[in-house]
Amino acid sequence: MILPPKNIMCSSHGLKILGRYAWDDIIPYEQGVNESIRKFRGDDGNFYYVKMNSPRYKLFEKNNICVACGLVGFVYLLERRREDEDIAHFNLYGVENNTLILMTKDHILPKANGGKDRMDNYQTMCYICNQIKTNLEIRPELVGQMRQCFVLPHAREQRYITL
Ligand SMILES: [Zn+2]
């Protein structure tokens, strides 16, 4: 298992990285809102609390591969927006051209077009394919073809972290 080096402690997307876990180490846990909170050890040795009932974790447990381009999400970064936030969360990333790319929970039928927040309307997509698809109802194969023409932007773009 290749994980990003430990010296990435500060990311360009404004989130503080607290730790890193392999994709298959993170098991969703659905109970009442409070009972679903689990603690995870960060790189600094401290424990951080994460709500493990997010549908994202369930989706990524089922499929960690972008349905359009095939990018594999293999590392969960434990992240927190602000120092004073009590709850951290996991984001799943794949790597392309030495750059971490966020994996997203895409709505197959876009919400803007009446798509529901339900597991059977979710699919795993990398951030780039998700941006290409936006609110269009286009097949993953077509998104994948459009993605071939996509050049990774400079790392200052949000959601990209240069390794
Ligand atoms: Zn993709």
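pLDDT is the predictor's confidence in each residue, from 0 to 100. This is a predicted model: local features need pLDDT of at least 70, side-chain atom pairs count only at pLDDT 80 or more, and totals for chains, interfaces and linings use all residues. Residues are numbered from 1 along each chain as its sequence is written.

**Figure 1. Confidence along the chain.** The protein averages a pLDDT of 83, and 83% of the residues score at least 70. Two stretches call for care. Over residues 154-160, pLDDT stays under 50. For residues 154-160 the model has 15 contacts beyond four places in sequence. Two residues are in contact if their C-beta atoms, placed from the backbone, lie within 7 Å. Residues 5-12 also stay under 50, and there the model has 11 contacts beyond four places in sequence. Where pLDDT is low, the predicted coordinates should not be read in detail.

**Figure 2. The whole fold.** The protein has three helices and eight strands. Helices (H or I, at least four residues) and strands (E, at least two) are DSSP runs, numbered from the N terminus. Along the sequence, their pattern is β-β-β-α-β-β-β-β-α-α-β. Of the 163 residues, 33% count as buried. A residue is buried if 20 or more other C-beta atoms lie within 10 Å of its own, exposed if 12 or fewer, and partly exposed in between; these C-beta atoms are placed from the backbone. Take the contacts between residues at least 6 apart in sequence: 58% of them join residues at least 24 apart.

**Figure 3. Strands β5, β6 and β7.** Strand β5 covers residues 87-96, strand β6 residues 99-107, and strand β7 residues 122-126. β5 and β6 pair in the antiparallel sense over four bridges. Two strands pair if DSSP finds at least two bridges between them. β5 and β6 form a hairpin with two residues between them. N97, in the turn, has a positive phi of about 50°. E96 stands opposite T99 in β6. β6 and β7 also pair in the antiparallel sense, over five bridges. K105 stands opposite T124 in β7, and D106 has Q123 as its bridge partner. β6 is mostly covered, with eight of its nine residues buried. In β7, five of five residues are buried. Y122, T124 and C126 point one way from β7, while Q123 and M125 point the other way.

**Figure 4. H107 in strand β6.** H107 is found in β6. H107 counts as buried because it has 20 C-beta neighbours inside 10 Å. Leaving aside neighbours within four places in sequence, H107 is in contact with G115, N121 and Y122. M119 is 12 residues from H107 along the chain, and their C-alpha atoms are separated by 9.2 Å.

**Figure 5. Helix α1 and its buried side.** In α1 (residues 55-62), Y57, L59 and F60 are buried. They cover an arc of only 160° around the axis, so they lie on the same side of α1. The arc is that of the directions from the helix axis to the C-beta atoms. The buried residues of α1 pack against β5, β6 and β7.

**Figure 6. The largest nonpolar core.** A nonpolar core is a set of buried Ala, Val, Leu, Ile, Met, Phe, Trp, Tyr and Cys residues joined through C-beta atoms within 7 Å. The largest one holds 34 residues. C66, Y93, I101, C126 and C129 touch the most other members. The elements that give two or more residues to this core include β1 (16-22), β3 (47-51), β4 (75-80) and α2 (127-133). Not counting residues up to four places away in sequence, C129 touches C66, A68, C69, V143 and R147. In soluble globular proteins, nonpolar side chains tend to be buried together.

**Figure 7. W23 in a loop.** W23 sits in the loop between β1 and β2 (37-41). W23 is partly exposed because 19 other C-beta atoms lie within 10 Å. Beyond four places in sequence, W23 is in contact with N64, G73, F74, V75, Y76 and L92. W23 and E61 are 38 residues apart in sequence and 8.1 Å apart in space, C-alpha to C-alpha.

**Figure 8. E79 in strand β4.** E79 lies in β4. With 20 C-beta neighbours inside 10 Å, E79 counts as buried. Beyond four places in sequence, the residues that E79 touches include L15, K16, I17, L18 and H89. E79 and H89 are 10 residues apart in sequence and 5.5 Å apart in space, C-alpha to C-alpha.
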